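The report below goes through a structure by topic, from its surface to its aromatic and charged pairs. Please keep the sequence and the 3D view at hand while reading.

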Amino acid sequence: MTFNSWQEAFYTIENWAKTQGFNIVYNRVIRKPDGTFRNVSIKQISPEILKEIEFLTVKCKMDAAMQRKYLEAKFSSQTIYNNNLYKAIQNFRPQNKNDSNDAAKLYTKLLESSLNNPMWKVAIKFDDNNTLTHLFWMTPSQLELWYQFSDIVVQDVTCKTNRYDMALSLFIILDENRNIRLVAQALLIDETKESHEWTFDQINLATDNLHPRVIMTDADPAVHAAIRSTFLTTYPMHCTFHISQNLIKKLQKLLGKKFQEFSSKFYIVRNTLHKLFFESKWKDLINEYPEAQQYLNTLYNTKEAWAHPWTCRQFTAGLHAFSPVESLNAWIKSYIFNSNISLCELADVIEKRQLSEDRNHQLILWKAAIPCISTQISTSAFMFASIDKKLEEYLPPAILDLQKNIPDARQITASCMISDIGRHQITSMWAVSVGNKLVEKHFIILLSNGSHHCSCLSLINRGIVCRHYFQIMLCTPIAKFHLRLIPSRWYNKNKDPSREPFLVASKFEDENINIIPQSEIPFLTAIYQANPQDSITLHEHLTDIQLYGKISGLAHKVTMKATRKKDIRIIHLLENYLKEEEQGESFVENVDNIEIEDCEIDKENQSPIIKNPSKQTKPKGCPKGTKRIKASHEKGKLSSSSSVINKQYKCGDNGHNKRNCNRSMGIIIDFVQTGENSENSCK
């Protein structure tokens, strides 16, 4: 039989198959470029569509549903069958996953980077069988960001990012443009306190014990305990979103219909402005809801990490929740096809994220370098002309816009403000009212060191001078402005305002002469913030690390060239330098530290091949030794004297499947008497 076209052949064969009662599968085998074979349907997809599928699968990591939407929109005139699409996607996915030395490959790659550039920080830990359990690394750019912006750090652990189920610990900061930046990452075999302590210890070693001022976590007790034992000078804070999620998990079922009322009262207590008010209202909350007393007592032990009377006094750059980290987690998981990827592929995705952040930062700097002329004169430029010019010179646009979005609610009481500062430091106290209202909305205390303390706490929480202080500046020339009121983390790069004069409002400029200070002005802050860490000193500390990296790189190059040319002059130069510097004790200590680090690296290099971490598998069903949890309607349903057992086996015996039972048919119902042996009848 002959056919004029393939369509006619398909139509005839399919009709004949339907009359015979079976289906026909069209397949043929073609050879790939690498010499292997694959099955392709005779109704194959056009080469143009196959190229799109290959690009979407390999480069974009797009799933089948999204690919179908894209292909149907682009090739609307062609019919794409599901089986053909799935086969094409499966064909372009990597089939053979050779991950026998996945962990060793990643560690070798990171170790080579650290040898080429000493500012790379890499640490590894494995068990007695050389199986990878912990891996930590920081790039030179991440190390620099840590030194500049580690006053507020957000830490989170995300799962299902690799085929070994290792937890990915991420550390995030906000840069001078309020963009999130990844500054450290670690792979952990578990989420215990010991694992987090190991990660924090590696950060201390990499940053020369530069602890964060504040670190925000997801209220995990293991992380909180690790911070207390490792970051001794760090203030731990808990994410407000995770606090609310834990309330739902722990108390919603327990309180039932009363949970919504409890939740609203809980947040009223949490947002109180005074510690004494918090204590009294917390006791009332426990008395009103005794069912939640056990969990509330546990939550009370860490009240300093989430309750407003304690957290309001810490610098958070305006962060209260985990939204920056969650967006980073979503970005990483959008770039991995599924959780069954190798550690090397995960490291490549993290590297792409860092490159994306660097490109975005360069774009912001490029935009800021473009000169712009405003067509409208703002109120600040008219009333505070000199201050406005200085702010535009020193601060990026993102920080200038931040002042407009500051919450206007009072964050602390006047009595707490006075007790925190001390009466001897107060020069005057002002009250700010809104409109024609007689009730004071905010209180501002002017301090003797040139700083101020406002009840909105904007200067403490965000490092931004609030609008309330500028309103006081319009009333008196005593209230003066200086750029050192703002933390140097918000400054543009290479800006130091310590020699800038104090400024007043424009209408008082004729009465006051701006005197340039003879000495550098320190960071102006409230008295109760002891030992504030200034970012300028951190820049100086970073210079030492950069110097170490540059010297190490030059020494490596000189050693290679001298060895190749057999030139011994470098030996005499180094010996003379060592003789001149042997009198300095600091140099000897540095040499000892370097020798210890080299010994540790040699021990790691002498270890056998690192094995991949074992995949964490969870068995299905209820764990052994545990009983099934009964529902509320099942409890107490059967009497204690007798119970009815409905056995689903045909014969009534245990130990075999009913499908393989050849005994008596039907279901046996036994009445089991308490204290008597049951009799199973199989007749």
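## An exposed tryptophan

W366 has a relative accessible area of 54%, over the 50% cut-off, and therefore counts as exposed in this predicted model. The residue belongs to helix 15, which spans residues 343–369. Together with L363 and I370, W366 forms a nonpolar patch on the surface, and the accessible area of these three residues comes to about 310 Å².

## The chain as a whole

The chain has 683 residues, of which 40% count as buried, and its secondary structure comprises 24 helices and 14 strands. Its accessible surface amounts to about 41,200 Å², with 54% of that area belonging to carbon and sulfur atoms. Among contacts with a separation of 6 or more, 62% are made by residues 24 or more positions apart.

In helix 3 (residues 64–74), the buried residues are Q67, R68 and L71. Because these residues cover an arc of only 100 degrees around the axis, they lie on the same side of helix 3. An α-helix has 3.6 residues a turn, so residues three or four places apart point the same way.

K69 and A73, by contrast, are exposed on the other side of helix 3. The cover over the buried residues of helix 3 includes helix 2 (47–58) and helix 4 (82–92).

## Aromatic pairs

Across the whole structure there are 18 aromatic pairs. In one of them, the ring centres of F266 and W306 are 5.6 Å apart and the planes stand at 25 degrees, so the pair is stacked. Since F266 lies in helix 10 (residues 259–270) and W306 in the loop between helix 12 (293–300) and helix 13 (308–311), the pair ties together parts that are 40 residues apart in sequence.

Both partners count as buried, F266 at 1% relative accessibility and W306 at 2%. F266 and W306 also belong to a cluster linked by ring pairs, whose other members are F259, F262, Y267, F278, W282, Y289, Y300 and W310.

## Salt bridges

Side chains of opposite charge can pair when their charged atoms come close, and this structure holds 19 salt bridges. One of them joins E197 to K193, with the closest N and O atoms 3.7 Å apart. These two residues are four residues apart in helix 7 (residues 193–206), and are therefore separated by about one helical turn. K193 is partly exposed, its relative accessible area being 33%.

K258 pairs with E291, the closest N and O atoms being 2.9 Å apart. K258 lies in the loop between helix 9 (240–255) and helix 10, and E291 in the loop between helix 11 (275–288) and helix 12, so the pair ties together parts that are 33 residues apart in sequence. K258 counts as partly exposed at 34% relative accessibility, and E291 likewise at 36%.

E500 forms a salt bridge with K390, in which the closest N and O atoms are 3.0 Å apart. Because E500 lies in the loop between helix 21 (467–473) and helix 22 (535–565) while K390 is in helix 17 (residues 385–394), this pair ties together parts that are 110 residues apart in sequence. E500 is buried, with a relative accessible area of 15%, whereas K390 counts as partly exposed at 23% relative accessibility. Elsewhere, a network of salt bridges links D175, R181, R353, E357 and D358.

Definitions and conventions:
Residues are numbered from 1 along each chain as its sequence is written. This is a predicted model: local features need pLDDT of at least 70, side-chain atom pairs count only at pLDDT 80 or more; totals for chains, interfaces and linings use all residues. Side-chain values use heavy atoms; hydrogens and water are left out. Patches are made of residues with over 30% relative accessible area and no salt bridge: like charges are joined within 9 Å, nonpolar side chains (Val, Leu, Ile, Met, Phe, Trp, Tyr) within 5 Å. Accessible areas come from the Shrake-Rupley method with a 1.4 Å probe; for residues, only the protein chains shown count as cover. A salt bridge is a side-chain nitrogen of Lys or Arg within 4 Å of a carboxyl oxygen of Asp or Glu. Buried means under 20% relative accessible area, exposed over 50%, partly exposed in between (1.4 Å probe, protein chains only). The arc is that of the directions from the helix axis to the C-beta atoms. Contact means heavy atoms within 4.5 Å. Rings of Phe, Tyr and Trp (its six-membered ring) pair if their centres lie within 6.5 Å; planes under 30 degrees apart count as stacked, over 60 as edge-to-face and the rest as tilted.
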